[in-house]
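User: I would like to learn how to read the features of a structure, one at a time. Please give the general idea and then the case at hand.

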Amino acid sequence: MNNHKRVAEAEQIEAYLDTFTMVTLVIFTEVPREAYFYVTDLERVYPLKKISEQRLEDRLLFHMVLDQKIPIQRDYWVVCPNGGRIPLKTGAVVRTKEFDEVYAYEKSDLGTSYTSEKTSFKVWAPTASSVRLKLFTSVSTAFEHPMRLGDRGVWETEIAGDHHLNEYCYLVRVNHAVNEAVDPYAKAVTINGKRGVVIDLSKTDPVGWDTALSPPPIKKTDSIIYEVHVRDFSIHPLSGMQHKGKFLAFTETGTAGPGHSVTGIDHLKNLGVTHVQLLPVNDYGSIDETKADTEYNWGYDPLHFNVPEGSYATDPADPISRIKEFKALISSMHVNGLRVIMDVVYNHVFIRETSDFEKIVPGYYFRFDYGGNPVNGTGVGNDTASERYMMRKFMMDSVMFWTKEYKVDGFRFDLMGIHDIKTMNEIYRELAEVNPAVFILGEGWKMNTWLDEDQKACIDSAVKMPGISFFNDRFRDHVKGNIFHDAHEGFINGDASQIAGMYENASGNSGEHGLFITPGQSINYIECHDNHTLWDRLRALHPYEEETVLRKRHLLGTALAIFSQGVPFIHAGQEFFRTKQGDGNSYKSGDIINRLDWERKAKYEADVQYVAELIQIRKKHPAFRIDQPEVIADCLSLLQYLPDGLFGYMIKNIGELDSWKHIILLYNGHQSEKVYQLPFPGQWTVTAEAMEVKEDGLYKTDAESLIIPPLGFTMAVQYSEKF
């Protein structure tokens, strides 16, 4: 009876090691304030001294200290006054600065290191009391190998023999329980990522991999980014591509859709983009890879950060398939003059409680508030803690692995405002040493996470991160309106009040008093995978307008994105008025809603060609790609005395830079034509007008004014004598 009572009372107390000497007892029962507790590892006794207590609604906290530090890689118990024992678990100690100082591991050899003679295994688990390697020599036969605790909390072992394609996992004893965990540094996994796989990466290289070099380096302002989801790209039944929904669809050339309209990678080349940004392609958790052809998700729920997603492979059960085929995608892009940007999601994991991070070092990789509750700035239940040394190192090691092994050209950081400035700057510096032209961009939204405001890698701190580019929501909102408020319609919807802020963004918003240091930090976009497509938003705001009018509004916005200083960003299908049937959050809505509609591309072929020609003009004329804010300040000026609803500016005196000496860009946000008085006499060549464009000119005029069509974009130029 007494023993039962002791156990029952002990079960109503929890104990956590908060620093190397401090213990917090969380008590859910009545305990005398003078009660005596001590810690034991069953060999030694460590007395506890209470220094304070705290009463909460349903619990009492005793804050207690040990008179000495205790070795952390052991099982400890707190012994209660009645003799009952409760496990002492690692708590906030793993989130202390001292913990990072003691256990920060600097070498780049975590995970597996394979040769045909042996494979070494290393895992960082400083709070574990033991770690064993579980190595499968067949599907059903496994051997357990004890691992040795080495430097700074890294457990390691070396197994002789050729273990290529052998499956493995770690058995980590931590907090009095044994967790089976997949190696966070795994380079290959089984279907659905249940186990890691030892891999000889040299056997995953597709034909021509060694010779498929990245295209030559270009400046950020020379770049044009095209965002696309792997499955969306090819899954349409009339895409003309054989490997529908797969990585390999990006290797197919000569594909065509309805009416012999060009599709696939040839379409990307014809459009003229320079970078293809892929929605997450690392292994994610929301798709059952055994049902890969019938399930859909964008992939913002990462499972294994260093392995390609299996549902995009022709055989998800073959660990080599997904690696080789993603490399084939990258190789094909490079051969066709395109660069690859990976959308990476290091700000959270699929499920924190079951993540391998949490199984191996509980509480370390995530942010918690002072009450020990997980922080949820991401909105998906957990925020990773990039400010901690080993999370920062993991991110660094991961992007470096994708860069070196897969030849990825850049990274788009999802919810980058969750991360800290130091981490993002270090990532850029390290990657730039390997690839000086690496393109790093991210969502710089200010997130409600447990991080000091001045540490958040958000757009308001862009000047502290000169190597990083940011999605410019100021540009987006001025052009099409605030996406969260329909009443805020934006310039292309006829809201003339937005003109006041248009020039700041169209001129790159950079320099001494700008949001950015250089215009290359500004990602100018009006549509991306999130929220409604521009077409669907226009439909919602103007439900009774004819399609011709909606197309004009749409193309007006696209022209603004293409010709503004900075980096143009195009969402896949934007060039042919992509619709998701009004679905504003289609992350799991399936193929019918999300797929690129290649029939629609064929229908609007003339409009696609219009966008492509606008892009070609941008690429041919350096005046639209200036990367120095002081040059922009000298050459760009807002046009004065514009009629209501007309926005325009001039790029002037650029004869040293361009074959065009003066360029006037005019955007009419109203449904009535406007008359603009030209600033200089002489002959002007009109290169764009009324949804038509021609680089060498639609017509020439000596008139003193131009008539700007309703909802139209007009460009007029004067040539430089030097060209």
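This is a predicted model: local features need pLDDT of at least 70, side-chain atom pairs count only at pLDDT 80 or more; totals for chains, interfaces and linings use all residues.

User: How should I read the strands, and what do they form here, with which pairing?

Analyst: Strands of a sheet pair through backbone hydrogen bonds, either parallel or antiparallel. Here seven strands make a closed barrel in the order S1-S2-S5-S4-S3-S6-S7, and the pairing is mixed. On average, neighbouring strands of this sheet are turned by 35 degrees against each other, direction ignored.

User: Which way do S2 and S5 run, and how many bridges join them?

Analyst: Strand S2 (residues 22-27) and strand S5 (residues 60-66) run antiparallel, joined by six bridges.

User: Which strands form the open sheet, and in what order?

Analyst: The order is S8-S9-S13-S12, four strands with antiparallel pairing. S8 and strand S12 (148-149) are the edge strands, each pairing on one side only. Strand S8 (residues 111-114) pairs with strand S9 (residues 118-124) over four bridges, and a hairpin of three residues joins S8 to S9. Ser-113 has Ser-120 in S9 as its bridge partner. On to the next pair: S9 and strand S13 (residues 154-160) are antiparallel, with seven bridges, and Phe-121 stands opposite Thr-157 in S13.

User: Next, salt bridges. How many does a search of the whole structure find?

Analyst: Side chains of opposite charge can pair when their charged atoms come close. In this model the search finds 38 salt bridges. One of them links Arg-625 to Asp-222, with the closest N and O atoms 2.6 Å apart. Arg-625 is in the loop between helix H15 (605-620) and helix H16 (629-635), while Asp-222 is in the loop between strand S16 (196-197) and strand S17 (225-228), so this pair ties together parts that are 403 residues apart in sequence. Both Arg-625 and Asp-222 are buried.

User: Which residues do salt bridges with shared partners join into one network?

Analyst: Start from Glu-453. Its side chain meets that of Lys-446 in a salt bridge (3.9 Å, N to O), and that of Lys-456 in another (2.7 Å, N to O). Glu-453 is partly exposed at 45% relative accessibility, whereas Lys-456 is buried with a relative accessible area of 2%. Through shared partners, the network takes in Lys-446, Glu-453, Lys-456, Asp-460, Asp-473 and Arg-474.

User: How do I describe two packed helices?

Analyst: Two packed helices are described by the angle between their axes and the distance between the axes. Take helix H7 (residues 389-406) and helix H8 (residues 421-434): their axes come within 10 Å and cross at roughly 25 degrees. With that angle, H7 is roughly parallel to H8. The crossing of H7 past H8 is right-handed.

User: Which residues make the contact between H7 and H8?

Analyst: On H7 they are Arg-392, Met-395, Met-396, Val-399, Met-400, Thr-403 and Lys-404. On H8 they are Lys-422, Thr-423, Glu-426, Ile-427, Glu-430, Leu-431 and Val-434.

User: How many residues of helix H9 are buried, and what do they pack against?

Analyst: In helix H9 (residues 473-480), seven of the eight residues are buried, so the helix is largely enclosed by the rest of the structure. The buried residues are Asp-473, Phe-475, Arg-476, Asp-477, His-478, Val-479 and Lys-480. They pack against strand S24 (468-471), helix H10 (499-506), strand S25 (522-524), helix H11 (534-541) and helix H12 (547-563).

User: Last, the backbone. What is the phi of Asn-192, and of Met-691?

Analyst: Most residues other than glycine have a negative phi, and most peptide bonds are trans. Asn-192 has a positive phi, near 65 degrees. Asn-192 lies in the loop between strand S15 (177-181) and S16 and is partly exposed, at 21% relative accessible area. For Met-691, phi is also positive, near 65 degrees. Met-691 sits in the loop between strand S31 (684-689) and strand S32 (692-693), and counts as partly exposed at 24% relative accessibility.

Definitions and conventions. Residues are numbered from 1 along each chain as its sequence is written. Side-chain values use heavy atoms; hydrogens and water are left out. Two strands pair if DSSP finds at least two bridges between them. Helices (H or I, at least four residues) and strands (E, at least two) are DSSP runs, numbered from the N terminus. Axes are lines fitted to C-alpha atoms, for helices over the stretch in contact, and angles run from 0 to 180 degrees between N-to-C directions. A salt bridge is a side-chain nitrogen of Lys or Arg within 4 Å of a carboxyl oxygen of Asp or Glu. Buried means under 20% relative accessible area, exposed over 50%, partly exposed in between (1.4 Å probe, protein chains only). Angles under 35 degrees count as roughly parallel, over 145 as roughly antiparallel, 65 to 115 as roughly perpendicular and the rest as oblique. A crossing is left-handed if the near helix is turned anticlockwise from the far one by less than a right angle, and right-handed if clockwise. Contact means heavy atoms within 4.5 Å.
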